[in-house]
Amino acid sequence: MTCMSSKTRSHDVVYGSREAKKTILAACEKDGVSVEALKGGSRRGRLPGLRVQLAKDLVENHGLTMAETARQLGVTTLAISRIFERNK
């Protein structure tokens, strides 16, 4: 088992967060939704579907944890976990 230093882990989280923010911004611009509305937790209109799409992308393609993905999307970790349970 390899151990990563805390410096390496924190760098990966910061880098992942930057990439996540770029991905979120691009998706919001594409769908005509503000980032504030996405992070506000609303369940109206296109927001839930956009969150599902972003959650899957951030976890599967960008390697973010469910907790970090939840922080980036303005929802709980449980909400992210349920996205993956429902969409197996």
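1. A salt bridge here is a side-chain nitrogen of Lys or Arg within 4 Å of a carboxyl oxygen of Asp or Glu. By that criterion Glu68 and Arg71 are paired, with their closest N and O atoms 2.6 Å apart. The structure holds two salt bridges.

2. This is a predicted model, in which local features need pLDDT of at least 70 and side-chain atom pairs count only at pLDDT 80 or more, while totals for chains, interfaces and linings use all residues. Residues are numbered from 1 along each chain as its sequence is written, and side-chain values use heavy atoms, with hydrogens and water left out.

3. Glu68 and Arg71 are three residues apart in helix 4 (residues 66-73), so about one helical turn separates them. Helices (H or I, at least four residues) are DSSP runs, numbered from the N terminus. Glu68 is buried at 11% relative accessible area, whereas Arg71 is exposed at 56%. Buried means under 20% relative accessible area, exposed over 50%, and partly exposed in between (1.4 Å probe, protein chains only).

4. The other salt bridge joins the side chains of Lys22 and Glu19, at 3.7 Å from N to O. These two residues are three apart in helix 1 (residues 6-31), again about one helical turn. Lys22 is exposed, at 56%; Glu19 is partly exposed, at 23%.

5. Thr23 also lies in helix 1 and counts as buried, at 17% relative accessibility. Leaving out residues up to four places away in sequence, Thr23 touches Leu54, Asp57, Leu58 and His62, where contact means heavy atoms within 4.5 Å.
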